[in-house]
Structure formats: C-alpha cells, structure tokens
Amino acid sequence: MPRVTVTVRDNGGRTASVTADYAVAPPVWGGYYLAGNADPTADLVGGNFRSLTQYRSLADGYVFPGYGMTWLADLGRAGVAPNMVLELKHYGTGNPGAQTFTVDGVTWTVPAPAMTIQQRPGTTWPRAYGYGQVLAGQCDGLLARALSQYRTLGFPVNLQLASELDTDHEFGTTEAGVSYTWAESDARAVQALTYVVDWLRARGLPAGTTFSVGAGGFDRTAFRRTHPEALMSRLDFLQWNVYATDPAHTALGRFRRTRDWAVADLGPVALSRPVIVAEWGVQVSAFPDQAAWIATVPAALARLNAERGPRIVRANYFNSGWGTLTPKQPGLAALRAAYATRPFG
C-alpha cells in the first residue's frame, strides 16, 4: 500500500513526523440502460458512459450479444463494460415448451420451465426455469448455449444472475405444483445460483469474467438471505437497484439504504466486494425536474464511498419504467454532466 510521510521542523530545529498509508480509489463508472434493450449508441455520444446494463433470458436462443444486437459487440470493443443480466425467467407470455438444440456438437434437450415467479395477486405470473430444474441439471443446455456464445463475444462482461430476486420471490414461487414462501424461494435460489456459477467456472470463462446476483434491494431480510458468505465467496460484486419515487427521496438516502443494510448485516467476504448499481433512476411524477435530482448524485456517491463499507463502482441509469427521462434530452444532458463530475470518471 502506498505510504506518505510528512515531516515538519520548527525554528529551533526540532522535527516531528507522521506517516499514513493511503489508497487512490478508481473512479466510479457511470452507465446506462435504454428501454427494451434498445441500441443506446446515439444516447451515449458526448458522455462519459463506461457501463451498460442489458437483460437476457436463458430461454432465448441468442443470449450473446443478442439477436441482431451487433451494436453491443461494437460498444464492448470500444471499452463500454456490459453488465449482462441473465434470467431463468422466460420473457414470453406463453409456455415455450421443451427445447432441443445443438451446441458445439452436443445435442441438449431442456424441458419446459416449471416455475412461476412474481406472483402478485391480479397479475399474470411469469414462467421461469425452476430452481429444482437447475439443481437437477435440466438447464445445463441453456448454460452451455450461453457460454458458447459468450466465448465468441471478444471481451469480458459481468454476469448478473437474476434481475431482482426480491421482486421474483416477494409473493412466493411455485414449481411443479409445489408452493414456496418468500424465504423458501430465497434459499432455493441461493442453491441454484451457486450451481450456475460453479458450472460456468468449471468449464472455462473468458478472462476478466465477473459475477453478481441481482436484487432490487428493497427488503432488508431478503437481501441478507440471498447474500450468504458461501455464495459471496463465488461472486465478485454486490448489486442492488436505486430509485427515487417519492418527493422526500434524496440521492444520498436512496443510495445509502441498501448499503447500510449490507454493512450491518453481511459478512466480511460480502463486504469486501465492490457494488454495481445495475439500475438507478428518478421518477418524473415525483421529481418533475429530474435533471436537478441527477445533479445531486455525484456528491452522494462521493460521500458514501468515503465511509466504511463497500464502494459503489458502477451506477447505470435506467432510462425506462420508473426512471424514464421525460423530456429525454435534458435528462441525458444531466447524466452527461453528472458523469463528468467526481467521483465519476
């Protein structure tokens, strides 16, 4: 660790010295997501955008870079670091049924997804490949297909497993006719995601590949349950999302909430990991002047990163849903200005 020594001398020739260790923290990477996994290239022009969030279902035949998404490869080669969210969730509205396909000369058959998630009353419950299916090896073909495509991408990415486990499990899950509570679903997910990380690492990943597990970060108990030390020893980042949806919300308060829970509740391995905020945004109905709220983010992150606990190293604005920039151009201008301000860089 670098060390600095300062020595002072008074007019009588007496000296005193003090020595301190120090570290130069790397800048935070500002990033982006455009609704619908759309091509954000035009929006990134003129800004210090260094990261990008993308979403993929493992049920899709084109995970890397994505069907028709050659622009993702272009951005990656230009130095933009993708955070690729890989989901067991099936993005379609129907049952996709079983899949049979060949990967690198090996034929795989994967059964239909057997789990439902996000079981909010009065809504259609999305289908997903079940945690039991993962642990039984029934989804190995999906992993093999994604890995084969990833190896040809040409640059490393962070693999974020799941988008938001707390959102997926909040109202319980059901797999093969068996219902599981939120807590039971969390425990099953930890087992399944451990299997996925181990399976991929055992088969050789591109150098520089990293892992995280996705969470909305809105429930303290669930966040603790889904970040045990055994799983965190396999991961490279903590992750959560941040949204301002109430006029009382400040940037410091919103970015601090889940971080404070992590510092209080998680173990030393988890707290040694830096943080990716895969989604952050400000809701225009709560803050009509979104640009003014965005302008407060650099100072908030600088303060948090100076405190004890894990450093936030990436923060990707979610220009969709709650975070939709309205109007867009002033919002983009505010992001460009924020990302040009320390601790971004």
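**Exercise 1. In what order do the four strands of the open sheet lie, and is the pairing parallel or antiparallel?**

Before we start: this is a predicted model, where local features need pLDDT of at least 70, side-chain atom pairs count only at pLDDT 80 or more, and totals for chains, interfaces and linings use all residues. Residues are numbered from 1 along each chain as its sequence is written, and side-chain values use heavy atoms, leaving out hydrogens and water.

*Solution.* 
- Step 1: Strands here are DSSP runs (E, at least two residues; helices are H or I, at least four), numbered from the N terminus. Two strands pair if DSSP finds at least two bridges between them.
- Step 2: The order is β9-β8-β11-β12, with antiparallel pairing.
- Step 3: At the edges, β9 (127-128) and β12 (178-180) each pair on one side only.
- Step 4: Look at β8 (residues 115-116), which is joined to β9 by two bridges; Met-115 faces Ala-128 of β9.

**Exercise 2. Where is Asp-289 found, and which backbone nitrogen lies 3.1 Å from a polar atom of its side chain?**

*Solution.* 
- Step 1: Find the loop between β15 (275-282) and α11 (290-294); Asp-289 is there.
- Step 2: Asp-289 has a relative accessible area of 47%, so this residue counts as partly exposed (buried is under 20%, exposed over 50%, partly exposed in between, with a 1.4 Å probe and protein chains only).
- Step 3: The nitrogen belongs to Ala-292.

Conventions
Polar contact = N/O pair within 3.5 Å; in protein donor to acceptor, adjacent residues only side chain to side chain.
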